[in-house]
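Hi everyone, thanks for coming. I'd like to walk you through the pockets in this one, so let's get it up on the screen.

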Amino acid sequence: MFLSCVVARELWFSLLSPLGLSTLVPEDTKDITSWWLRQRQRINSSARSTFDSLMLLVCWSLWKERNNKTFQRTTLPSPGLFRMVITEAKDWVAAGF
C-alpha cells in the first residue's frame, strides 16, 4: 500500500522529483522497511532525518486517504493528495518536527 500502489508511487514521484531524488521512487516492492533503509543510505547523512520525516508523512497521508476511501467513500485526486501532503509538511515544520 505505501509503495507499490499507483497512488503511492505517483505521490512519491511528485514529492521526490522536485528534490532531484527521483531515483529513490519506490520500485515494485512491498517491503517498506527494506526500501526505506536502502534509500536512506543513498542520501547524505545530513538529509536522512528529513527523508525519515517525509517517509512517515507520506505513509500517514496514504493511510488517511485509504481510510477516507474505505469508510467515507471519498477520494482525493492525485494533485489534491500532493497538496495535502505539502500542507501537512508545512504544519510539521511549524511544529518543530
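This is a predicted model: local features need pLDDT of at least 70, side-chain atom pairs count only at pLDDT 80 or more; totals for chains, interfaces and linings use all residues.

Residues are numbered from 1 along each chain as its sequence is written, and side-chain values use heavy atoms, with hydrogens and water left out.

By pocket I mean an open set of points, on a 1 Å grid over the protein atoms alone, where a 1.4 Å probe fits, with protein on both sides within 12 Å along at least five of seven lines; lining residues have an atom within 4 Å of a point. Volume is the space filled by probe spheres set on the points, which are joined across faces, edges and corners.

So, the largest pocket holds about 430 Å³ of space. There are 22 lining residues, and Leu19, Thr50, Phe51, Ser53 and Leu54 sit closest to the centre. Helix 1 (6-16), helix 3 (48-72) and helix 4 (78-94) each give two or more residues; helices here are DSSP runs of H or I, at least four residues, numbered from the N terminus. Which helix gives the most to this lining? That's helix 4, with 7 residues.

Now the second largest pocket, at about 240 Å³. Its lining has 12 residues, and nearest the centre are Cys5, Val7, Glu65, Arg66 and Lys69. Helix 3 and helix 4 each supply two or more, and here helix 3 gives the most, with 4 residues.
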